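Reader: Before we discuss the fold, could you show me the model and then take me through the terms as they come up?
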Amino acid sequence: MKVNHADIVISAVSQAQYPEDQKPEIALAGRSNVGKSSFINKMIQRKNLARTSSKPGKTQTLNFYIINDAFYFVDVPGYGYAKVSKREREAWGRMVEEYLQTREALQATVLLVDFRHPPTEDDLIMYDYLKYFDLPVIVIATKLDKVKKSQRDKQLKVLKEELELEPEDVIIPFSAETGEGKDQAWQALSSYLV
Ligand code: GDP
């Protein structure tokens, strides 16, 4: 995919603010610090459009990025913060559920997990949550460059086994540092953007 243009169009907290032009959307979810902003920036070849230092708990909005005037990336705020209050968690849940449950333009989701570690309890819950809404999931395993080549096959196997991916879902090791996995990620996403 050649990205010629990308821009943020709205930070939404509720349905009334979602874009109305019916272009296909891909939602991106992941724990805070997993590398979601770095993934978005790498995919769209922008250094800093999706902020890489977003403070945990700060940006509780759905950020819609228009790409090539053809489709949207929807950045779902990170989950699994230790420090947010119960009230904030509930508000997060309502906002995300409203989007995932009602959005017809939503074609597929990207779930970001850390390649270096087995999936966390939060990762497993999020995967099941996305499947509960019948959404295809492309798992992006981030920070590939931090894992020795000799360890990669083993690590990928652990992630696959523990996530218990459904047949339509894929997992792609990815590095925002080296760009490894970028072409595979675009290939996987493209099938949902026709
Ligand atoms: P977010 O909170 O999920 O948006 O995470 P960020 O994209 O801000 O990344 C969190 C930290 O991990 C930052 O210090 C990034 O530079 C770093 N990081 C993200 N992706 C990679 C990667 O592929 N390789 C390496 N080495 N560091 C990464």
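Author: The radius of gyration is taken over C-alpha atoms, and the globule rule is 2.2 Å times the number of residues to the power 0.38. This is a predicted model, in which local features need pLDDT of at least 70 and side-chain atom pairs count only at pLDDT 80 or more, while totals for chains, interfaces and linings use all residues. Residues are numbered from 1 along each chain as its sequence is written.

Reader: What makes the radius of gyration agree or disagree with a compact globule?
Author: For 194 residues the rule gives a value near 16 Å, and the protein has 16 Å, so the two agree.

Reader: How many helices and strands does the protein have, and what counts as one?
Author: Helices (H or I, at least four residues) and strands (E, at least two) are DSSP runs, numbered from the N terminus; by that criterion there are 5 helices and 7 strands.

Reader: Why are strand 1 and strand 7 said to stand at the edges?
Author: Two strands pair if DSSP finds at least two bridges between them. The open sheet of 7 strands has the order 1-3-4-2-5-6-7, with mixed pairing. Strand 1 (6-12) and strand 7 (170-173) each have a single partner strand, so one side of each lacks a neighbour in the sheet.
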